[in-house]
Amino acid sequence: MTKKIQITLNGKKTSVEVQAHRLLLDLLRDEIGLTGTKEGCGTGDCGACTVLLNGKPVNSCLILSGELDGAEIVTIEGLKIGPELHPVQKAFIQDGGAQCGYCTPGMLMMSKALLEENPNPTEEDIRFALSGNLCRCTGYAKIVQAVQDAAVELRRMKTEG
Amino acid sequence: MRRPEPLEIFQPASIREASAIVKEKGPGGRFLAGGTDLVIAMKEKGLSPKYVVDLKRVPNLSGICEEADGSLTIGALTTMREVETSPAVCKRFPFLAQSAAEVGSIQIRNRATIGGNMANATPSADVAPALLALEAGVKIAGAAGERTLNLGEFFRGPGQTAMLPEEILTAIVIPAAHPNLVGEYIKFSPREMMDLAYVGVAVALVLDGKKRCDAARIALGAVSPTPMRAPKAEAVIEKQILTEELAQRAGDEAARECKPISDVRSSAEYRRAMVGAMTKRALLNAAERPGPVAWTERRERRY
Ligand SMILES: Cc1cc2nc3c(=O)[nH]c(=O)nc-3n(C[C@H](O)[C@H](O)[C@H](O)COP(=O)(O)OP(=O)(O)OC[C@H]3O[C@@H](n4cnc5c(N)ncnc54)[C@H](O)[C@@H]3O)c2cc1C
């Protein structure tokens, strides 16, 4: 069954023709061409496919396109603030929070969501929030560091307006 | 990874409309809540429903409400993340909030619903033991109107419930609880996160000032075809002063009355032994250190 849906994708209202059974992940990558969102396990365990759906981090590999009419979706391609990288992106680069980079888009989306909810997370808060994001290069120490540094920068941006 | 097969998707705006779609379309359809069990079944187990009825647009199926009679109603479509962070749940039943927080990851819990956890009827469903220990009921709506069942009567076997195909689980109702009620949920799994329970134990106790158990409810997950109460273990402690020795005896009794199987996670013998140890620990934890705990503390409470 195909269906015409309206979504807001990375801030832009778009209307797309979707097949109801298509996964959001495949809609993004194969139909719309936003290949930053990755498929890892395909079963909701690894978090590589994390996107924000109506402001909340979710696994796009477990969502059917047919239910998305009216949804607001943010992917890694929409993380930048204007022309500037988002502070979590900058911190991951600066701290070496990526090795092969495959898990990075998911890590970044989850980190952004965490810092919006909790601007001053402890290391344990960060590890708890990222427990559904798997890094097979085992780079967690630097990832946690990057999220902490991004938190500092985001708080600074906020106080300086 | 395999993809779902083509299907039709409906987004009804009322329960009546949702039931009517199933009546009209006939067998071979599924309700959809968060999809964290359903889409997995399509991808991993070859399930290919002809049509899917998404319940997320039906008004009033989600949210948590403290009723005037002291009961707590949790809409079936309420997400695990909402249960985990709900001030009402955290205040009244911190161990229920914790059991919701044990499910998958934040990404999963933003989608997974409490109703889906019950309707899917997995023996290891994390929220089931706490709800059984709180003697929760479920509200079910269908063509013939609404009915209420005890959660214990709702589960019929692995993946089996008392619902008819066109019936919808609308809410979970936790009856008014004694103000002194304390509880604990221990999810026993060697991994800190992202694994199913090898054994789940929930206890709810009403203790007087001298640690005498005026009421005791013990419920177990992942050790029988459905989540279960352990009435013989409850009888060991009811009306008794809770001591370490008594908690041990209750644990031994729970280990005898559960019916575990062996699978990839664990042997039946190991599960049985862990039911004994975790029941004892849950009882002592509930009596001594009630209240919400950080996840880092949970692992200490297990050992
Ligand atoms: C990576 C991952 C990790 C997980 N970890 C855990 C875990 O640690 N602990 C745990 O307990 N579970 C876990 N699960 C399983 C799952 O997330 C939960 O069981 C969840 O609560 C299911 O809810 P849902 O809303 O996603 O259900 P869905 O997948 O939408 O539905 C499940 C079934 O119930 C039916 N259904 C749903 N809602 C209703 C309703 N209101 N009325 C009638 N029928 C209904 C559907 O038709 C379907 O058959 C995990 C799943 C994944 C993918």
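**Notebook: contacts, domains and ligand site**

I began at A:Val74 and listed its contacts, leaving out residues up to four places away in sequence: A:Val74 touches A:Asn10, A:Val51, A:Leu52 and A:Met109. I note at the outset that I am working with a predicted model.

I then looked up where A:Val74 sits in the secondary structure, and found it in strand β5 of chain A, which covers residues 72–74. I also checked a pair along the chain: A:Val74 and A:Gln94 are 20 residues apart in sequence, and their C-alpha atoms are separated by 24 Å.

**Domains of chain A**

I looked up the division of chain A and found domain 1 at 2–78 and domain 2 at 87–160. I next examined the contact between them, to which domain 1 of chain A contributes 14 residues and domain 2 of chain A contributes 12 residues. The area buried between these two domains of chain A is about 1100 Å², and I noted that 69% of it is on carbon and sulfur atoms.

**Domains of chain B**

In their contact I counted 23 residues from domain 2 of chain B and 26 residues from domain 3 of chain B. Together, domain 2 of chain B and domain 3 of chain B bury about 2000 Å², with carbon and sulfur atoms giving 66%. I asked which three residues supply more than any others of the area that domain 2 of chain B buries against domain 3 of chain B. They are B:Phe95, B:Pro123 and B:Pro129, which supply 26% of that area.

**Ligand site**

I turned to the ligand and found 37 residues around it, of which B:Phe31, B:Thr36, B:Asp37, B:Leu38 and B:Thr113 come nearest. I recorded the site as shared between chains, because residues from chains A and B surround the ligand. By class, I sorted the shell around the ligand into 19 nonpolar, 10 polar and eight charged residues. I also looked up which elements of chain B each supply at least two residues of this shell, and noted β2 (29–32), α2 (38–44), α7 (114–119) and β10 (168–174).

I then listed distances between polar atoms. A polar side-chain atom of B:Thr36 lies 2.6 Å from an oxygen atom of the ligand. For B:Thr113, I found an N or O atom of the side chain 2.6 Å from an oxygen atom of the ligand. For B:Asp126, the corresponding entry is a side-chain N or O atom 2.7 Å from a nitrogen atom of the ligand. Lastly, I recorded the cover: the ligand on its own has 980 Å² of accessible area, and the protein covers 93% of it.

Definitions and conventions. Residues are numbered from 1 along each chain as its sequence is written. Chains are lettered from A and ligands numbered from 1 in the order in which they are written. This is a predicted model: local features need pLDDT of at least 70, side-chain atom pairs count only at pLDDT 80 or more; totals for chains, interfaces and linings use all residues. Side-chain values use heavy atoms; hydrogens and water are left out. A residue is near a molecule or strand if one of its heavy atoms lies within 4 Å of it. A polar contact is a pair of N or O atoms within 3.5 Å; within protein, one must be able to donate a hydrogen and the other to accept it, and residues adjacent in sequence count only if both atoms are side-chain atoms. Accessible areas come from the Shrake-Rupley method with a 1.4 Å probe; for residues, only the protein chains shown count as cover. Helices (H or I, at least four residues) and strands (E, at least two) are DSSP runs, numbered from the N terminus. Ala, Val, Leu, Ile, Met, Phe, Trp, Tyr, Cys and Pro count as nonpolar, Asp, Glu, Lys and Arg as charged, and the others, Gly among them, as polar. Domain bounds come from an automatic or database domain assignment. Contact means heavy atoms within 4.5 Å. Buried area is the accessible area (1.4 Å probe) that two parts lose on being put together, summed over both.
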